[in-house]
Amino acid sequence: MTSGKGGNGRRIVLWRHGQTSWNLERRFQGSTDIELTETGVAQARRAARLLAALKPDAIVASDLKRAAATAAELSALTGLAVAHDSALRETYAGEWQGLTHDEITSRYGEQYAAWKRGEPVRRGGGELETEVADRAAPVVLEHAEKLPVDGTLVVVSHGGTIRTTIGRLLELEARHWESLGGLSNCCWSVLGEGARGWRLLEHNAGTLPEPVLGDDD
């Protein structure tokens, strides 16, 4: 299967929101409703021009401001309405929210280390990563199932939620989800529908997906 419009199945583009002031401060946002910076808006506009070239069939987004504003840039170019869903919000992380990375590692060092080891951890007393996947992945699949043959869905969400959703759709064990790595602001990952389910075609991309040509196609 290629990752172009002429492929054999549907495609899901999972797009992280643009930059916020808390991103710059390395401050854990979680479900806190932080707006895009001017740079974040510019990132969203640039990325939207690229993603519009994929001729998406539908857009669904987190209802938090940073994701909704990012999605609005693609909506403006494509004319597609955005379906907002709170199930696509970032991981709720309780006492971690609003803290910088250094503050988290200082105050919750063992909890942070356990999370990085892949153990199920309620960071700051918040959600488990599997619980985030439990709420987000079904929403993504629900919208993907409505796509036409070779259709493309753009999901505008948050780094942690996107990673857990990819892990769930790829049927990876939760302890391996961290191996997917994070997404930069306004970058995206692409899942394609293959004969054996969803597979990862692009990860943390900032340019248009290219077809896979060669022995692994």
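## Basis

In this predicted model, local features need pLDDT of at least 70 and side-chain atom pairs count only at pLDDT 80 or more, while totals for chains, interfaces and linings use all residues. Residues are numbered from 1 along each chain as its sequence is written, and side-chain values use heavy atoms, with hydrogens and water left out.

## Pockets

A pocket is an open set of points on a 1 Å grid over the protein atoms alone, where a 1.4 Å probe fits, with protein on both sides within 12 Å along at least five of seven lines; its lining residues have an atom within 4 Å of a point. Grid points are joined across faces, edges and corners, and a volume is the space filled by probe spheres set on the points.

The largest pocket has a volume of about 710 Å³. Its lining has 29 residues, and Arg16, Phe28, Glu90, Trp115 and Arg163 lie nearest the centre. Two or more lining residues come from each of α1, α4 (101-107), α5 (109-116) and α7 (159-169); helices are DSSP runs of H or I with at least four residues, strands are runs of E with at least two, and both are numbered from the N terminus. The second largest pocket has a volume of about 150 Å³. Among the residues that line it are Trp115, Pro120, Leu128 and Arg175.

## Aromatic pairs

Rings of Phe, Tyr and Trp (its six-membered ring) pair if their centres lie within 6.5 Å; planes under 30 degrees apart count as stacked, over 60 as edge-to-face and the rest as tilted. By this rule there are five aromatic pairs. One of them is the edge-to-face pair of phenylalanine 28 and tryptophan 96, at 5.9 Å centre to centre and 80° between the planes. Phenylalanine 28 lies in the loop between α1 and α2, and tryptophan 96 in the loop between β3 (82-84) and α4, 68 residues apart. Both residues are buried (under 20% relative accessible area with a 1.4 Å probe, protein chains only; exposed is over 50%, partly exposed in between).

Tyrosine 112 and tryptophan 115 have ring centres 5.6 Å apart and planes at 65°, so this pair is also edge-to-face. They are three residues apart in helix α5, which means a separation of about one helical turn. Tyrosine 112 and tryptophan 115 are buried. Ring pairs link Phe28, Trp96, Tyr108, Tyr112 and Trp115 into a cluster.

## Glutamate 35

Glutamate 35 is in the loop between α1 (21-24) and α2 (38-52). Leaving out residues up to four places away in sequence, glutamate 35 touches Thr20, Ser21 and Lys65 (contact means heavy atoms within 4.5 Å).
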